[in-house]
Amino acid sequence: MLILIDHANVDSIAKTLEYLPIDGVTTNPTILYREGKEPLDVLHSIKRLLPDGAQLHVQIVSQRADDMVAEARALRGEIGGNLFIKLPVTREGFAAIPRIVREGMQVTATGIHSSMQGFMAAKAGARYVAPYVNRMDNYGIDGVRVASEIHRTLRSYEMKADVLAASFKNSEQVLELVRQGVGAITAAPDVLAALIKNPATDAAIADQNRDFGFLVGERRTWLDLIKEK
Ligand code: G3P
């Protein structure tokens with residue numbers, strides 16, 4: 001399962017890359033807007049941070065299929081690397097998916113709010129299909145259930161696409177999709193941080209280290225003991 005950062009803040013991405021096993025970054029127009037900077041500069045900065053081979057997903061903003069194809073070509077020329085062209089699952093987006101795939105680009109179909117959209121985007125040739133879990137929840141649709149259903153459908157037809165579940169509010173939503181074995185998830189740095197945070201872990205380790213301090217002196221480590229031998 002791949003884990004991506006759904007964010008465009010270079011500092012937050014760098015901090016997350018320091019301690020979590022991350023496979024790439026996804027962006028969208030709103031995420032870039034929040035940074036308030038020239039978006040191409042932001043994309044280049046993110047790309048410089050990422051290890052070789054990591055994925056970078058960038059969303060097309062044109063409305064018509066012809067323009068989407070032209071925009072995708074330009075992005076490929078500008079960004080290169082392991083770029084994924086995010087296309088919305090609108091009528092025009094669907095028309096653009098096979099055209100962009102035929103040109104050798106990788107496509108992530110985005111904005112998915114139903115199982116059928118996910119299946120059809122995979123059939124059109126998208127490498128990833130991105131159901132918006134929390135946004136579906138907000139519409140009274142069970143987002144985790146839809147994302148799981150798309151995953152099962154893709155596997156049952158042995159399609160070459162994976163779910164890239166997106167739009168998470170909390171780590172529970174992510175955990176359920178981990179259980180289901182979806183191919184990838186993308187979430188903001190705070191949601192990713194919550195995946196590993198557990199106060200019981202902090203308490204257990206603090207107790208153990210306090211006891212070691214009683215034995216050898218507060219805050220002294222194996223390094224101190226070995227140096228002083
Ligand atoms: O990147 C697309 C998706 O993650 C949107 O998330 O938080 O705007 O619902 P959000």
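Is Ser167 buried or exposed, and what is its relative accessibility? At 17% relative accessibility, Ser167 is buried (buried means under 20% relative accessible area, exposed over 50%, partly exposed in between, with a 1.4 Å probe and protein chains only).

A word on the model first. It is predicted, so local features need pLDDT of at least 70 and side-chain atom pairs count only at pLDDT 80 or more, while totals for chains, interfaces and linings use all residues. Residues are numbered from 1 along each chain as its sequence is written, and side-chain values use heavy atoms, with hydrogens and water left out.

Now to the ligand. Around it are Asp6, Asn28, Lys86, Tyr132, Arg135, Ala166 and Ser167 (each with a heavy atom within 4 Å of it).

The ligand taken alone exposes 310 Å², and the protein buries 79% of that (areas by the Shrake-Rupley method with a 1.4 Å probe).

Ser167 lies in the loop between β7 and α9 (171–180) (helices, H or I, of at least four residues and strands, E, of at least two are DSSP runs, numbered from the N terminus). Glu158 has a positive phi too, about 50°, and belongs to the loop between α8 (143–156) and β7 (162–165). Glu158 is exposed, with a relative accessible area of 70%. Most residues other than glycine have a negative phi.
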